[in-house]
Amino acid sequence: MIPIIPYRLVVCVSMLMLILASVRDNGFAMDESGCFTCHQYPGLTRPETPEGFKVFHIDEERYLQSPHGKTDCRKCHTTVNKVPHVGETSVNCTNGCHLAEKDKKLIADFDLKTLHDNEQFYITRLADGSACQVCHRLYPHQSNELARAFINMHIGFMTCETCHINREEYTKIDYEWTGSETADFAGKPFGARFNPKLGDDAETAHFISRISVFSEENGEKRSLHNTWDAEKAEAYLAKANQWTSAEKKERLAYFHKDIHKNAVSVTCNECHSADSILDFEALGFSPRKAHDLIDINIKGLVTKYEIFYFPDMFR
């Protein structure tokens, strides 16, 4: 007698595979590996280097309109099978495509590094007067290879102090939007569209709106976005090679006196959890968007894994 449950299981799995195959045939599953789970975010970058910084953002709509829009990412990026995939920059254009000698010659003469230039949105300049940026520059985070691009992405949405303020020293604090005409963008400007309290008039070419932290002192709110130490930071940096180790330590202690540094997993959960330090609905986000920010799916990737290997069961 044939067992009923295993037979039904085989039927269910077969049906699932047929559905997946049908979706592939219709061209709706070009992102089979879920690459846009991470790469959809503007400002996703590697830390700055002498050559600049590397951008990982890919705008899905523009990608779909490109000549490769119906091609699964890993069809070309064949060596990428885990996160982080630091240094995995090779591209195979002949993995089932571009097999003709004419195509191979065109590929050999083409700068593949520029292939996604039209699909990337990121900040190229942010003149917000911050003392932090004097030394740490625009995209500063680099120690954690798994999470650094995710953390740098937040430069476009919040000030440094929003995450790094020492909340043991400042116990009466609040989080609000702040905006200014200070940013230059490559591609489509972003940031302002995440401020539900501003109208379309604010969305100019250089405007950026970010969440910032304020202290409550004597019934008034004071911004804790440190612009008052910028000149001192410039002076320190200009003479950094002249200071002794003890002098550097003393001066750096001054600049970081209000700053707190957490582990990446702690920092993620401070905002993206039910106990978030940010009241997303009070900031103007819809209940659905607030829920999405609390339960954002890439948080688990950062907080639960050191290395995450892509499942290939249905590829």
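## The loop between β1 and α5

In this predicted model, His98 is located in the loop that runs between β1 and α5. His98 is partly exposed, because its relative accessible area of 33% falls between the limits of 20% for buried and 50% for exposed.

The loop between β1 (82-83) and α5 (101-108) also holds Pro84. The peptide bond that leads from Val83 to Pro84 is cis, and its omega is near 0°.

## The loop between α6 and α7

Arg137 is placed in the loop between α6 (132-136) and α7 (148-153). Although Arg137 is not a glycine, its phi is positive, with a value of about 65°. Its relative accessibility is 46%, and Arg137 therefore counts as partly exposed.

## Nonpolar cores

The largest nonpolar core comprises 31 residues, and Ile123, Leu126 and Phe150 are those with the most contacts inside it. Two or more residues of this core come from each of the elements β2 (122-126), α7, β4 (183-186), α11 (264-271) and α13 (298-304).

Phe150 illustrates the contacts made by one of these residues. When neighbours within four places in sequence are left aside, Phe150 is in contact with Cys38 and Leu44, and also with Ile298, Leu301 and Val302.

How values were computed. Residues numbered from 1 in each chain as written. Predicted model: local features only at pLDDT ≥ 70, side-chain atom pairs only at ≥ 80, totals over all residues. Heavy atoms only, no water. Helix = DSSP H or I, 4+ residues; strand = E, 2+ residues; numbered from the N terminus. Buried < 20%, exposed > 50% of the residue type's maximum accessible area, 1.4 Å probe, protein only. Core = buried A, V, L, I, M, F, W, Y, C linked by side-chain atoms within 4.5 Å. Contact = heavy atoms within 4.5 Å.
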